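Please read the numbered points alongside the sequence and the structure shown here.

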Amino acid sequence: SAIASISGSHSLGQTKTWNLDASQIAGGGFITLMVKHSTGNDVAFASDETNLAPELIITTVSSQLRRFNLLSVTPNPASTSTTLRFEEPVELRMIQVFDVMGRLITTYDGVNVSNGGAYVLDINSISAGTYFIRSYDNDGFSYQKQMVIEK
């Protein structure tokens, strides 16, 4: 039986999130996740040999609770750049910016934007509006914060 489903419009470059019903998953061993496409046009996933390789990120509620670390984004509102800082040191591998509709706007490599324990994001090319910053550390934990850009 299905442990999650998603519907609506889907287009190239979007990020989709399924909230899995963990009570439907037997403990221990391996799990196989399959995506079934019901209607509409073709579905394609790029291979890892392209610069558009898909990425599967699994975040569990229990892991989030074990790893509570306050994320701050300053300045916020911002216009040209903003900086992510944490209460405790975190090594981020990826930072993504989503609009309020859930569309991925841009992705930053954590190593490339790291600056003395903080992460500086150049947001010059992002239009004014409200966004969500979602970051992932090297241990697979995620952190999210809302950001406003004013031009």
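1. Of the 151 residues in the protein, 24% are buried, where buried means under 20% relative accessible area, exposed over 50%, and partly exposed in between (1.4 Å probe, protein chains only). The protein exposes about 10,900 Å², and carbon and sulfur atoms supply 51% of that area; accessible areas come from the Shrake-Rupley method with a 1.4 Å probe, and for residues only the protein chains shown count as cover.

2. This is a predicted model, in which local features need pLDDT of at least 70 and side-chain atom pairs count only at pLDDT 80 or more, while totals for chains, interfaces and linings use all residues. Residues are numbered from 1 along each chain as its sequence is written, and side-chain values use heavy atoms, with hydrogens and water left out.

3. Confidence is expressed as pLDDT, the predictor's confidence in each residue, from 0 to 100. The protein has a mean pLDDT of 80, and 67% of its residues reach 70 or more. Among its elements, strand 6 has the highest mean pLDDT (97), whereas helix 1 (residues 61-66) has the lowest (48). Where pLDDT is low, the predicted coordinates should not be read in detail.

4. The protein has 2 helices and 8 strands; these are DSSP runs numbered from the N terminus, helices being H or I of at least four residues and strands E of at least two. From the N terminus on, the order of elements is α-β-β-β-β-α-β-β-β-β.

5. An open sheet is formed by 4 strands in the order 1-2-6-5, with antiparallel pairing. Its edge strands, strand 1 and strand 5 (114-115), each pair on one side only. Two strands are taken to pair if DSSP finds at least two bridges between them.

6. Strand 1 (residues 71-74) and strand 2 (residues 81-86) run antiparallel and are joined by 4 bridges. The two strands form a hairpin with 6 residues between them. Within this pairing, serine 72 stands opposite arginine 85, and valine 73 stands opposite leucine 84. Strand 2 is also joined by 4 bridges to strand 6 (residues 118-122), again antiparallel, with threonine 83 opposite valine 120.

7. Which residues touch the most other members of the largest nonpolar core? They are Leu84, Leu92, Ile95, Tyr108, Leu121, Ile123 and Ile133, in a core of 21 residues. Strand 1, strand 2, strand 3 (92-99), strand 6, strand 7 and strand 8 (142-149) each supply at least two residues of this core. A nonpolar core is a set of buried Ala, Val, Leu, Ile, Met, Phe, Trp, Tyr and Cys residues joined through side-chain atoms within 4.5 Å.

8. Tyrosine 108 touches several residues, including Arg93, Met94, Val113 and Ile126, not counting residues up to four places away in sequence. A contact means heavy atoms within 4.5 Å.

9. Aspartate 137 belongs to strand 7 (residues 129-137). Is this residue buried or exposed? Aspartate 137 is buried, because its relative accessible area is 1%. Its side chain reaches the backbone nitrogen of phenylalanine 141 at 2.9 Å and makes a polar contact with the side chain of tyrosine 143 (3.0 Å). A polar contact is a pair of N or O atoms within 3.5 Å; within protein, one must be able to donate a hydrogen and the other to accept it, and residues adjacent in sequence count only if both atoms are side-chain atoms.
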